[in-house]
Amino acid sequence: MSRQLLVTDLRKRYGDLPVIGGLDLDVAPSEIVAVVGPSGCGKSTLLRLIAGLDTHYKGEIFVADEKVCGPHPAVGLVFQEPRLFPWLDVERNVAFGLRERDDMLARGLVGAALEAVELTQFAHAMPKELSGGMAQRVALARALVTEPQVLLLDEPFNALDAFTRMRLQDHLLTAWTRYRPTLLLVTHDLDEAVYLADRVVLLGERPGRVVDVIPVAPNRPRDRRDPTLAALRVALLEALHLERDSRLVTA
Amino acid sequence: MVIVAAWWGSTAFGVFAAYQLPPPPVVLDAAIGLWRRGLLQQDIIATVVRVAAGFTIGSLLAMTLATVVGLSRRTEEAFEPTLQALRTVPTLAWAPLLLLWMGIDEAPKVTLVAIGAFFPVYVNLVAGIKNVDRKLVEVARVFDLRASEIARRVVVPASLPNLLTGLRLGATQAWLFVVVAEFFGASQGLGFRLTDSLQSTRVDLMLVALVCLAVLGKLTDSVIRVIEGRSLKWRDTLGEGRPG
C-alpha cells in the first residue's frame, strides 16, 4: 500500500514534559483521518511536527516517502484561526504561497481555489470585511492553492457557531473532492470526526499515543442523520471515557 | 482660527501691550517686509533644507538599524545597549559637542536634526518589528519561505503602522531640533531669525518666524498623515463594521 503520511514511534517533549510518547500513524493518499483525544495530548504538536515547524523530535515522519526535516511544499496547514494577512485582500492572501508569481497559471490557481470555497465574488474584499466563517474559508483556499499532498487542519472550525461549522465541513468536503489531498484533521467535535473521516484516531492522555482507531464505514455523501454515525459517535465517546477511566484506576 | 481670533482680541482689548504681542496685521506687515527684502524666503529655504536633509539621513539610518536589530538577536545584543544608553542623553545636550566637532557649518545642524529624527523612528520600528504576530510569521514558514522573504512580505507590512508613527514623531523632533541648531552660529534660517529678533527686540519678526515654523511643522505632519491613511486602509480599527 502506498503511504502518503507515515509516522513511526514519534516522541516529543517540551523540557521535562513528554507531550507525545511513541505515536504511530499511517495514512493513505486522499484518506481523511480525524484525530481526537483529551486536551493536552499533543494533537496540535503532532500537526506542527508534520508541518515541519518544529524539527526537534525523536522517531520518524515521512511525507510521500520523504523524511520531514522542515517545512515542505507537499504539506499544508490550516490553523485554528484564519491568520489572514490583514494588509492583503482575499485574492492576494490566497496567492501568498505562490511566491508572487503573477502569470496566467497563478491567477488560474487562485481563481480555482476561491471557487472551491465559493468565495469568487469576494476576491477583492479585505480580511476585516469578512465574517469568521468566510475568513476560515479563505485560509482553506490559501492552503489548497499550492496543491499540497497532505493538508493538516488544526481544529479549523472550532471558533465557529454550529451552523457555520456544518457549512464549512461541507465546503471542506467539496474542496477535498476537487484537490483530493490527504487530510489529517484534529478536532474536539465527535460529530465532525464521524461525519468527515474515513478513520478516527483516538489519542490517549499525555504523553499522546494512538489508543484506538475506529473506521467509519458509510460512503460519501453522508447523511448527518444516519444512525450509523450516531452509533459511532457513542462508540467514540465510550472509548474516550474508557481511556480516561483506565488512567484513573491505574493512577 | 481660534488662536488668531484670541490673539487679535487680546491685543485689541489691551491684555498685552503692542511691544509684547503685536496684533496680527503688524506681524503680517513685518512678514511682507521680510519677504520684499528676500530674507523670509532665504530663512525658510535654509531651514527646510536642513530639516529635509537631517530627517532623511536620521530616519534612513534609524530604519536600517531598527530592521537589523529587530530581526536578529545577535545584532540586537551588539547595538541595543549602546543605543539605549545614547537615547537617555537628552538629545539637545549633543549641540555643544557637535559644534566643537564640526564647527558652525551646515554639518552640525544637519547632524543634530538627524539625531532628533533618529530615535523616534528607531524606537517605534524596533517595537513594531518585535510586535509582529508570530502566528502570521508561522503561516509564511509553513509555505517554506526564506527568512529574507518573511522579512519583506510579513514583517515589513506588519510593522508599517509603527514605522509611520515613528516618522511622524521624528518629523516633529526634526523641526524642534532645527530651531535649536540654528540658535548657535547660524546666519540664516527661522531659528536664526528668532534669536536675531530677540537681540533687536523685534517681537513682530519673532512671531513671523514662529508662525512659519508652526505652518511648516503642521504641513509635514499632514503629509505623513495622508500617507498613513492611504497605506494603512487595511487596519481594522475604530468604526469598521463586519458583515454577517
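Helix α9 of chain B is followed by B:Thr201, whose phi is positive, near 45°. Helices (H or I, at least four residues) and strands (E, at least two) are DSSP runs, numbered from the N terminus. This is a predicted model, in which local features need pLDDT of at least 70 and side-chain atom pairs count only at pLDDT 80 or more, while totals for chains, interfaces and linings use all residues. Residues are numbered from 1 along each chain as its sequence is written, and chains are lettered from A and ligands numbered from 1 in the order in which they are written.

**Helix α9 of chain B and its packing**

- The buried residues of α9(B) are B:Leu190, B:Gly191, B:Phe192, B:Arg193, B:Leu194 and B:Asp196. A residue is buried if 20 or more other C-beta atoms lie within 10 Å of its own, exposed if 12 or fewer, and partly exposed in between, with C-beta atoms placed from the backbone.
- These buried residues of α9(B) pack against α3 (39-71), α8 (147-183) and α10 of chain B. Contact between two residues requires that their C-beta atoms, placed from the backbone, lie within 7 Å.
- α9(B), residues 190-199, and α10(B), residues 203-231, pack with their axes 8 Å apart and at an angle of about 160°. This makes α9(B) roughly antiparallel to α10(B).
- Axes are lines fitted to C-alpha atoms, for helices over the stretch in contact, and angles run from 0 to 180 degrees between N-to-C directions. Angles under 35 degrees count as roughly parallel, over 145 as roughly antiparallel, 65 to 115 as roughly perpendicular and the rest as oblique.
- On the α9(B) side the contact is made by B:Leu190, B:Arg193, B:Leu194, B:Ser197 and B:Leu198, and on the α10(B) side by B:Leu205, B:Met206, B:Ala209, B:Cys212 and B:Leu213.
- By class, the residues of the contact of α9(B) with α10(B) are eight nonpolar, one polar and one charged. Ala, Val, Leu, Ile, Met, Phe, Trp, Tyr, Cys and Pro count as nonpolar, Asp, Glu, Lys and Arg as charged, and the others, Gly among them, as polar.

**Helices α2 and α3 of chain B**

- α2(B), residues 24-36, packs with α3(B) at an angle of about 85°, their axes 4 Å apart. The two helices, α2(B) and α3(B), are therefore roughly perpendicular to each other.
- B:Ala31, B:Leu34 and B:Trp35 of α2(B) make the contact with B:Leu39, B:Leu40 and B:Gln41 of α3(B). The contact of α2(B) with α3(B) has five nonpolar, one polar and no charged residues.

**Contact between the chains**

- Chain B gives 16 residues to the contact and chain A gives 18 residues.
- Helix α7 of chain B (residues 134-142) supplies six residues, the largest share of the side of chain B that touches chain A.
- That side of chain B divides into seven nonpolar, one polar and eight charged residues.

**The sheet of chain A**

- Four strands of chain A form an open sheet in the order β2-β1-β4-β5, with antiparallel pairing. Two strands pair if DSSP finds at least two bridges between them.
- β2 and β5 (66-67) of chain A are the edge strands, each pairing on one side only.
- Helix α1 of chain A (residues 43-50) packs on the sheet and touches β1, β2 and β4 of chain A, and its direction makes about 65° with that of β2(A).
- β1(A), residues 5-14, and β2(A), residues 17-27, pair in the antiparallel sense over eight bridges. They form a hairpin with two residues between them, and A:Gly15 in the turn has a positive phi of about 65°.
- β1(A) is also joined by five bridges to β4(A), residues 58-63, and the two run antiparallel.
- A:Arg11 has A:Gly21 as its bridge partner in β2(A) and stands opposite A:Lys58 in β4(A).

**Backbone exceptions**

- Most residues other than glycine have a negative phi, and most peptide bonds are trans.
- A:Asp9 is not a glycine, yet has a positive phi of about 45°. A:Asp9 lies in strand β1 of chain A and counts as partly exposed, with 13 C-beta neighbours inside 10 Å.
- B:Asp144, also not a glycine, has a positive phi of about 60°. B:Asp144 is found in the loop between α7 and α8 of chain B and is partly exposed, with 16 other C-beta atoms within 10 Å.
- The peptide bond from A:Arg206 to A:Pro207 is cis, with omega near -5°. A:Pro207 sits in the loop between β9 (199-203) and β10 (210-215) of chain A.
- The peptide bond from A:Arg220 to A:Pro221 is cis, with omega near -5°. A:Pro221 sits in the loop between β10 and α7 (227-250) of chain A.
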